[in-house]
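Colleague: I would like a close look at one helix and its surroundings. Please take me through it step by step.

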Amino acid sequence: MKKTDKKKFDCKDIEKNVQAYLDDRLSEKEILKIEEHLSYCLPCDKKVEFEKRLKKLIKLKAAEKSYPKKLELELKKIIRGHQH
Amino acid sequence: MPSARQLEFESLVAPHLSSLYSTALRMTHNQDDAEDLVQDTLFKAFRAFDQYQKNTNFRAWAFRILVNTYITAYRKAIRQPQKVSYDDLEEFYLYKKLDETISLHETAKEDFLENFFEDDVKDALENLPYQFRLVVLLCDVEGFSYNEIANIIDAPLGTVMSRLYRGRKLLQRYLWSYAKKRGYLLNEKN
């Protein structure tokens, strides 16, 4: 293991990596470092939990629950060549 | 009688009408334009269906056509420079603001999030400059991966990441200003 690999993540590293962490874009090694930090740093843990909730909230509230049924009709017209 | 090819297209695209419309609505800001955008997308997708490779990601393929159709139709409008300052965009903006401004327990911070109306979240998203809005929608609402988004918007992975991260930070700033405007912060510190 390289010397730098032994370095623990500090709060700044959490800020720098939180979005990639929440999107599951980090390597296993990086995830372990982050989770180790979160296990003893309560302020970071709270912030990361908050971000997780926010991300879920955006998905839940920003997606349309329905769409105009007219579109289904348009789709049928298009594939049958009655459109344009 | 519709041909097998017509039926195949219909069965592939039908499950995604809702998410195509949802994204179109957030991009165009109104229902009529969103319907037109989806309709044009369906028409173009059907015409290009021969180029779609079987068993590849149809959803991403359809979204790529939606994005291209949007950019072509709204080229003039989106060419206007959008003045946004990115210098002081920081991580955990909303959380830090809540911490500074109100004396709340953690559970109250979570309630604060739940209190946002759907319209506030949608408005905040719709206020993002379109490049940022697009990647935030594709990732956080539609659940596409970074690689899929890079393919959909035809941009390098680094561009996707920087737009996504900035877009989310900007979104938190907008949500914060909605919260203040709507009076969600009843327990403000003196």
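This is a predicted model: local features need pLDDT of at least 70, side-chain atom pairs count only at pLDDT 80 or more; totals for chains, interfaces and linings use all residues.

Modeller: Just after H2 of chain B, B:His29 takes a positive phi of about 75°. Chain B averages a pLDDT of 89, and 88% of the residues score at least 70.

Helix H2 of chain B covers residues 17–28, which is 12 residues. From first C-alpha to last, H2 of chain B reaches 16 Å, close to the 16 Å expected at 1.5 Å a residue.

Is this helix covered or exposed? H2 of chain B is mostly covered, with 10 of its 12 residues buried. The buried residues are B:Ser19, B:Leu20, B:Tyr21, B:Ser22, B:Thr23, B:Ala24, B:Leu25, B:Arg26, B:Met27 and B:Thr28.

Now pick out one residue. B:Ala24 sits in helix H2 of chain B. B:Ala24 counts as buried because 25 C-beta neighbours lie inside 10 Å. Set aside its neighbours within four places in sequence, and B:Ala24 is in contact with B:Ala34, B:Leu37, B:Val38 and B:Leu66. For a distance across the chain, take B:Ser145. B:Ser145 is 121 residues from B:Ala24 along the chain, and 19 Å separate the two C-alpha atoms.

The core draws at least three residues from each of domain 1 (4–79) and domain 2 (93–181) of chain B. In soluble globular proteins, nonpolar side chains tend to be buried together.

That brings in the two domains. The assignment for chain B gives domain 1 (4–79) and domain 2 (93–181). Their centres, taken over C-alpha atoms, are 24 Å apart. The contact between them takes 11 residues from domain 1 and 13 residues from domain 2 of chain B. On the domain 1 side, H2 and H4 of chain B each supply at least two residues. By class, that side has 5 nonpolar, 4 polar and 2 charged residues.

H2 of chain B also has a part in the contact with the other chain. The contact between the chains takes 36 residues from chain B and 30 residues from chain A. Elements of chain B that give two or more residues to it are helix H1 (4–13), H2, H3, helix H6 (93–101), helix H7 (106–114), H8, H9 and helix H11 (157–181). The residues on the chain B side divide into 21 nonpolar, 4 polar and 11 charged.

Step back to the whole chains. Chain B comes to 11 helices and 0 strands. Buried residues make up 32% of its 190 residues. Take the contacts in chain B between residues at least 6 apart in sequence: 71% of them join residues at least 24 apart. Chain A has 5 helices and 0 strands. In chain A, buried residues make up 20% of the 84 residues.

Last, return to the backbone. Most residues other than glycine have a negative phi, and most peptide bonds are trans. Besides B:His29, with its positive phi of about 75°, two further residues deserve a look. B:Phe92 has a positive phi near 60° and is not a glycine. B:Phe92 lies in the loop between helix H5 (75–79) and H6 of chain B. B:Phe92 is buried, with 22 other C-beta atoms within 10 Å. In chain A, A:Asp24 has a positive phi of about 60°, although it is not a glycine. A:Asp24 lies in the loop between helix H2 (11–22) and helix H3 (28–40) of chain A. A:Asp24 is exposed, with 9 other C-beta atoms within 10 Å.

Key: Residues are numbered from 1 along each chain as its sequence is written. Chains are lettered from A and ligands numbered from 1 in the order in which they are written. Domain bounds come from an automatic or database domain assignment. Two residues are in contact if their C-beta atoms, placed from the backbone, lie within 7 Å. Helices (H or I, at least four residues) and strands (E, at least two) are DSSP runs, numbered from the N terminus. The expected span of a helix is 1.5 Å times one less than its number of residues. Ala, Val, Leu, Ile, Met, Phe, Trp, Tyr, Cys and Pro count as nonpolar, Asp, Glu, Lys and Arg as charged, and the others, Gly among them, as polar. pLDDT is the predictor's confidence in each residue, from 0 to 100.
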